[in-house]
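Dear colleague,

I am handing over the structure we spoke about, together with some notes on what was found in it. Please look through it first and then read on.

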Amino acid sequence: MRAPAVVCWAVCVLAPALALPQAKAPEYDVASEVTVRGQVTDIHESKLATDHPGLHLILQTEDAAVEVHACPVRFLRELDFTIEIGDTLSVIGSRPRKASVIVAREIMKGQMSLILRDKNGVPNWTPRR
């Protein structure tokens, strides 16, 4: 296939996919706060602007596996707070509109507590005015 044909093919095939609206990550909703406790079974970092960039983890509770959106990885490093597979955590966070994820406000590991957001859900890693 010649270069112009490849470019034309790529535009015709990929353009519709790029035009689809991107799902936005749920915002923090104080009215939908929940507390979950479980064991970390997976950890990954998201770099997507539409998906709370930062640390995401899967927490296996008694009932189900729950995805938790925590915070930017650099914030954890600055505070020297580590989360590893196998850790048992309690998470206070928002699960707005029956979303499939919890947006974390506080993570407790043993006797340590990491406050990620204030009581209104405003991230502690962002500059204050």
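In what follows, two residues are in contact when heavy atoms of theirs lie within 4.5 Å. Please keep in mind that this is a predicted model.

To begin with the overall layout, the protein has two helices and six strands, and these follow one another along the sequence in the pattern α-β-β-β-α-β-β-β. Of the 129 residues in the protein, 37% are buried, while the exposed surface comes to about 8400 Å², with carbon and sulfur atoms supplying 57% of it. When contacts between residues at least 6 apart in sequence are considered, 50% of them join residues at least 24 apart.

The strands β1, β2 and β3 are linked through β2. Strands β1 and β2 run antiparallel and are joined by seven bridges, and β2 also pairs with β3 in the antiparallel sense, over five bridges. Between β2 and β3 there are four residues, and the two strands form a hairpin. Strand β2 itself is mostly covered, since six of its seven residues are buried.

Apart from residues up to four places away in sequence, Leu 59 touches Val 36, Arg 37, Gly 38, Gln 39, Val 40, Ala 64, Ala 65, Val 66, Val 68, Leu 89 and Val 91.

Leu 59 also belongs to the largest nonpolar core, which has 22 residues, and is listed among those with the most contacts inside it, together with Leu 57, Ile 83, Leu 89, Val 91, Ile 107 and Leu 116. At least two residues of this core come from each of β1 (33-46), β2 (54-60), β3 (65-69), α2 (73-78), β4 (88-94) and β5 (101-109). As a general background, nonpolar side chains tend to be buried together in soluble globular proteins.

Is Ser 94 buried or exposed? Ser 94 counts as buried because its relative accessibility is 0%, and the cut-off for that term is under 20%. The side chain of Ser 94 reaches the backbone nitrogen of Asp 29 at 2.9 Å. With neighbours within four places in sequence left aside, Ser 94 is in contact with Glu 27, Tyr 28, Asp 29, Ser 32, Glu 33, Val 101, Ile 102 and Val 103.

With best regards

Definitions and conventions
Residues are numbered from 1 along each chain as its sequence is written. This is a predicted model: local features need pLDDT of at least 70, side-chain atom pairs count only at pLDDT 80 or more; totals for chains, interfaces and linings use all residues. Side-chain values use heavy atoms; hydrogens and water are left out. A nonpolar core is a set of buried Ala, Val, Leu, Ile, Met, Phe, Trp, Tyr and Cys residues joined through side-chain atoms within 4.5 Å. Buried means under 20% relative accessible area, exposed over 50%, partly exposed in between (1.4 Å probe, protein chains only). A polar contact is a pair of N or O atoms within 3.5 Å; within protein, one must be able to donate a hydrogen and the other to accept it, and residues adjacent in sequence count only if both atoms are side-chain atoms. Accessible areas come from the Shrake-Rupley method with a 1.4 Å probe; for residues, only the protein chains shown count as cover. Two strands pair if DSSP finds at least two bridges between them.
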